[in-house]
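Below is a short briefing on the fold of one chain. Please look at the sequence and the model before reading on.

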Amino acid sequence: MLQPIVLYSSNHNILRTETKQSDIKNDKENLQKLIGDMKDTLESVGGLGLAANQIGRNESVCLVQLGDKLITMVNPFITDSGGEKKISIEGCLSIPDVTAKVERDEIVSVKFVNPDNDWQEEEMRVEFPYSVIVQHEVDHLNGILMIDYLSPMQKQLIQTKLKKVARGNADINYVGMVWRDSVRSWSLVGPFHKLMEFYNYHSTDNSFSSNGEVDVISNESEVIGEQEEGTQAEENTPREITEHEIGQDPKKQGKEKV
Ligand SMILES: [Zn+2]
C-alpha cells in the first residue's frame with residue numbers, strides 16, 4: 001500500500017531515530033506487509049532505495065535497487081568496507097531539492113535477512129556505484145542522513161532549502177508528509193494531482209501505517225497562491241504544491257533519490 005514519504009524536519013525525529021532490529025521468527029507477517037508498502041511506495045516515487053523510517057516506521061528494513069535487482073534487506077548491517085574512497089552526489093527522497101557530495105567506501109559487504117530467499121541470512125559484496133545506495137540506506141536505518149556529511153559551511157548553505165522542506169513547501173512530484181509542530185500532527189504535501197490520487201487510493205481504508213498520527217490536509221485554502229512567500233502564516237502552515245512550482249520536467253524528479 002502506497003505511503004507518504006517522511007520529509008526532513010528538525011522538529012520531528014523519526015528520520016533521526018535508529019530503527020529496531022526485527023525478531024524474524026515472530027514478526028514475518030508484519031514485515032511482509034511493511035515490505036509490500038515500501039515496494040509500492042518506492043515504485044510510485046521512482047527512487048533507488050527506501051528505508052522504513054522514510055515511511056514513518058521503526059523496523060530495520062530497507063530496499064535497494066542494485067542494477068535491475070530490487071533487494072529487500074531486513075536487519076542489514078555493514079560487515080566490511082574497502083576499496084577507494086569515492087565521492088558522489090547524492091539525493092534523498094526525504095530531503096528534496098538538496099544534493100550532497102558524500103565520500104563513501106567503494107566496496108561494502110552487507111549482512112541481512114533476505115525475505116525473498118526464505119528469510120535466510122545472507123552476506124553480499126556490493127561495489128560502486130551500488131555500494132553508495134547500500135550505505136545511504138543503512139545510514140537511514142541508523143538515523144543518519146546524507147547532509148550529516150556536509151561541512152559546517154555547506155550545511156549553512158542549505159538551511160533555507162531545509163526550512164522550505166520542513167514547512168511543506170518542497171518541490172516534489174510525490175506525496176510527502178511533514179510534521180507540524182504547532183498542531184503536533186503530520187500533514188500530507190505534494191502536487192495537487194498526486195494528493196488527489198493518494199486520497200482516492202486510500203478512500204476505502206482511510207489509514208496509513210504510520211502509527212495513526214497522520215492528519216491529511218484537505219483544506220483547499222492551503223493551496224498555493226493564498227499566502228505570500230516568507231509570511232508568518234506560511235512558516236507555520238504547510239501547503240500543497242502546484243505543478244508549476246515543480247519544475248520543467250517533473251517526471252525526472254526523484255529518479256536519483258534514495
Ligand atoms: Zn535518503
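How many helices and strands are there in the chain? The chain has six helices and nine strands, taken as DSSP runs numbered from the N terminus, with helices being H or I of at least four residues and strands E of at least two. This is a predicted model, in which local features need pLDDT of at least 70, side-chain atom pairs count only at pLDDT 80 or more, and totals for chains, interfaces and linings use all residues. Residues are numbered from 1 along each chain as its sequence is written.

- An open sheet is formed by five strands in the order 2-3-4-5-6, with antiparallel pairing; two strands pair if DSSP finds at least two bridges between them.
- Strand 2 (49-51) and strand 6 (120-127) are at the edges with a single partner strand each, so one side of each has no neighbour in the sheet.
- From one strand to the next, the twist averages 30°.
- Strand 3 (residues 61-66) and strand 4 (residues 69-91) run antiparallel and are joined by six bridges.
- Gln 65 is opposite Leu 70 in strand 4.

**Helices on the sheet**
- Helix 1 (residues 24-45) lies across strands 2, 3, 4 and 5 (99-114), at about 45° to strand 3.
- Helix 2 (residues 130-141) lies across strands 2, 3, 4, 5 and 6, at about 80° to strand 5.
- Axes are lines fitted to C-alpha atoms, for helices over the stretch in contact, and angles run from 0 to 180 degrees between N-to-C directions.

**Whole chain**
- Of the 258 residues in the chain, 40% are buried (20 or more other C-beta atoms within 10 Å of the residue's own, with C-beta atoms placed from the backbone).
- Among contacts with a separation of 6 or more, 68% are between residues 24 or more positions apart; a contact means C-beta atoms, placed from the backbone, within 7 Å.

How values were computed. Contact = placed C-beta atoms within 7 Å. Buried ≥ 20, exposed ≤ 12 C-beta atoms within 10 Å, placed from the backbone.
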